[in-house]
Each structure stands twice: as C-alpha cells, then as structure tokens.
Amino acid sequence: MNSLQTGAAIAIVDGGSFVLPYDHGLAGGLLRQGQRVTVFASRTRYNAEFLDDLRTMAGVCVVERAVSGSVSSRLRGGLAYVGLLRALWRRRREFGAINLQFSVLWPLELPLWWLLRRQLVYTVHNAVPHGHPGRQHAPTRWIAGLARQLVFVSAATRDDFLRRYGAGFGAKALVLPHGLLPIAPRDAVQPVQLCAEPRALVFWGTVKGYKGIELFAELARSAEWQQQGLPLEVHGRWDAGLHPLRDELIALGVRVEDRYLDAVAMHALMARPVLFVLPYRDASQSGALYTLLHQGCTFACSDAGDLGAFLRRFDLPGLLLPERSAAAVLAALQHLRQQAAAVAQSLQTAQQQTTWDITLADAANVYGPVPSA
C-alpha cells in the first residue's frame with residue numbers, strides 16, 4: 001500500500017457536514033496509510049455519530065462550528081462558517097493538502113481558495129448541483145480552476161464534468177472511487193444475502209425529485225406487477241414539494257415511511273430479504289448504493305451515472321434498468337430469481353473491491369507533498 005507520510009497533515013473541509021459518512025471513510029482510509037488528518041465540519045442533527053467517532057481516532061483532529069442548517073439559522077450558520085474558515089487559515093501551514101468537499105458560501109470562499117490554491121484539492125461530487133438548470137455551475141468552475149487537483153468519486157462524475165467544463169481540466173483530474181458506507185461508524189461489513197425470492201421492492205433514502213420515485217406509482221398500477229404479489233415500500237424523508245406524489249403512493253397501497261430512519265430502523269430494514277431499487281433519473285453516484293453494498297443487500301439501479309457503470313463493472317447487467325418502467329423492474333426481478341447465486345457472488349466481489357483501502361490506493365497521487373513555490 002502507498003503511504004503518504006509527507007510530514008504535513010491533510011485537511012478535509014466539509015463545512016456543512018453534507019457528506020459526513022464519506023468524510024469518515026476517507027479520513028479512516030488515509031489514517032491507515034500513515035497520514036494525519038484534520039476534519040473541518042459542522043455540528044449537525046444528522047450523521048453526528050460519524051463526527052463523534054472521528055474524534056476518537058488517534059491521528060485525526062476535528063474542528064467544528066455550528067454551520068449546518070439543521071442546528072443554526074442561516075445568519076448564525078454563516079457567521080459560524082466564517083469562524084471555521086478562519087480556523088483553517090490560521091492552521092494552513094500544517095497541511096500539505098486542503099481537500100474541499102462542498103462549497104458553502106462561495107463569494108466568501110473564493111479569495112481564501114485563491115490564497116490556498118497550491119494546497120487546494122477539490123472533490124467534485126456532482127458536476128452541477130442537483131436541480132441546477134444550466135450546463136455549467138460558475139462557482140464550481142471557479143473553484144475547480146483554482147484547485148491544484150480535482151478528485152472525482154467515480155469515473156462517471158469525472159466524464160460528466162469534463163463534458164460540461166472542457167477537457168482542459170483533465171490534466172488535474174483523478175478518480176478515487178467511492179468506498180463502502182456503514183450505517184453506523186464501527187459496523188462490520190455484512191456478507192451478501194442470497195435473495196432468490198425477495199419479499200418486497202423497496203426504495204431507501206431521502207426522497208428528492210431526481211430520484212425517480214414516480215416509478216412506484218407505475219408499478220402500483222401495473223397489473224403484471226400486482227400478479228407478483230410483492231409489496232412496494234418507500235423509506236426515507238420526503239422533500240415537501242413531493243408530498244402530492246407521496247400521498248398518491250399511499251392511496252395506491254404503497255407503504256410509505258416519511259421520516260429519517262435511525263440506525264436501528266436501518267439495520268432492521270437492510271436485514272430483510274427484499275430487493276432494493278434506485279430508480280434515479282439523474283445522478284453522478286449514490287451514497288445509498290454503497291450503504292446497501294456494505295450491508296450485503298441486493299439492489300437494482302437505473303442507468304444513471306455511476307449506478308449503471310457500477311453494475312456493468314461488476315457483471316450485474318441483469319439488475320440494470322435500461323428504462324425506468326414496470327417492465328424493466330419485472331425483467332430485473334425475473335433475472336434475480338433465475339440467477340440469484342451468480343448475483344450474490346458478483347455483489348460479494350463488488351463489496352470486496354470497494355473497501356476504502358482499495359479505493360484509496362492512488363491517494364498519494366492526490367494528496368502528495370505540496371508543490372514547491
């Protein structure tokens with residue numbers, strides 16, 4: 001395994017704590033490579049256990065402020081973010097690389113990223129924010145231009161970014177693939193379950209417009225699906241704008257759990273013999289996929305971004321939905337029934353190849369010593 005051991009620490013900056021489980025996996029993987037890590041993040045109502053666990057790791061320092069909207073008003077959160085960036089600036093000489101995960105207040109940040117451009121590593125989780133109507137997002141382009149290195153958590157995200165912003169960014173673009181995400185910080189990876197006869201079709205995750213949940217309405221109305229006798233379930237907090245769809249699904253007999261699931265509920269859900277489906281209309285990648293994989297679950301995915309690429313890479317095309325339709329879901333279900341053992345073996349291989357120690361094998365190429373002035 002490559003060891004960084006540059007003498008300087010790595011800063012992971014996720015000011016709004018948008019991807020704490022990812023930050024936790026990244027920091028832990030870097031720590032096992034002999035690297036010291038400081039995480040700059042926010043207190044939060046959600047996933048706070050990952051921040052708490054980071055504090056227990058020898059070699060990891062956590063600097064936090066109350067930035068997240070889940071714990072602060074916009075004004076208080078903005079002021080707290082100023083304090084977080086000030087703390088980063090004061091400690092800047094400690095870091096060989098400063099890895100920004102998500103921008104919070106780009107007008108405030110840009111002067112700082114310009115000053116820290118020789119250390120700045122920018123992880124691009126999405127080429128443009130979800131719901132952004134334009135082909136490009138100007139702040140994303142500006143930050144990418146300042147960064148010495150661009151990191152992408154999937155090849156699909158990198159390719160989408162280069163199509164949108166130009167091949168000129170390719171020289172500093174590297175992929176460090178997404179790793180497994182546990183439900184709770186110290187959860188052991190679960191063996192893949194053999195799922196020849198799933199007892200329900202389930203979506204799990206926050207319900208947003210781009211996630212394609214209207215497919216469940218089509219399934220509920222499908223006579224062919226009704227003949228299967230399989231319940232339909234949606235578990236996760238719904239965006240307020242999608243409440244009419246939520247109410248429609250309930251009226252159609254779909255079980256809807258409109259809430260954030262705690263760890264106990266998530267463990268119980270993912271231990272059930274069900275087929276999960278991720279019917280996203282548009283996505284770079286999905287953290288839900290890497291949690292389901294960690295828990296040994298079986299899932300079908302629409303052909304969107306890394307979801308489709310992931311199933312192809314690990315020889316699981318039978319679980320790929322070429323279109324978001326009842327017919328495509330029925331075909332995936334039939335494939336699973338006929339090839340359950342082969343599916344389980346491919347998922348087991350995917351799980352083994354998606355540990356953080358493997359996905360961060362090229363970390364030295366990203367977080368190596370800061371270039372000399």
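This is a predicted model: local features need pLDDT of at least 70, side-chain atom pairs count only at pLDDT 80 or more; totals for chains, interfaces and linings use all residues.
The protein contains 16 helices and 13 strands, and its C-alpha atoms fill a box of roughly 65 × 45 × 40 Å along the principal axes. Buried residues account for 56% of the 373 residues. Among contacts between residues at least 6 apart in sequence, 70% join residues that are at least 24 apart.

Helix α5, which spans residues 138–146, has as its buried residues Pro139, Thr140, Ile143, Ala144 and Leu146. When α5 is viewed down its axis, these buried residues fall within an arc of 160 degrees, so they line one face of the helix. In an α-helix there are 3.6 residues a turn, so residues three or four places apart point the same way. The buried residues of α5 pack against the strands β4 (95–100), β5 (120–124) and β6 (149–152), as well as against the helices α4 (106–115) and α6 (155–165).

The second largest pocket holds about 350 Å³ of space. Its lining comprises 19 residues, among which His24, Gly25, Arg32, Pro185 and Trp356 lie nearest the centre of the pocket. Two or more lining residues are given by each of α1 (20–32) and α15 (356–359), with α1 giving the most, namely six residues. By class, the lining of this pocket consists of eight nonpolar, six polar and five charged residues.

Conventions. Residues are numbered from 1 along each chain as its sequence is written. Side-chain values use heavy atoms; hydrogens and water are left out. On a 1 Å grid over the protein atoms alone, a cavity is a set of points where a 1.4 Å probe fits but cannot get out, and a pocket is an open set with protein on both sides within 12 Å along at least five of seven lines; lining residues have an atom within 4 Å of a point. Grid points are joined across faces, edges and corners, and a volume is the space filled by probe spheres set on the points. Helices (H or I, at least four residues) and strands (E, at least two) are DSSP runs, numbered from the N terminus. Ala, Val, Leu, Ile, Met, Phe, Trp, Tyr, Cys and Pro count as nonpolar, Asp, Glu, Lys and Arg as charged, and the others, Gly among them, as polar. Buried means under 20% relative accessible area, exposed over 50%, partly exposed in between (1.4 Å probe, protein chains only). The arc is that of the directions from the helix axis to the C-beta atoms. Contact means heavy atoms within 4.5 Å.
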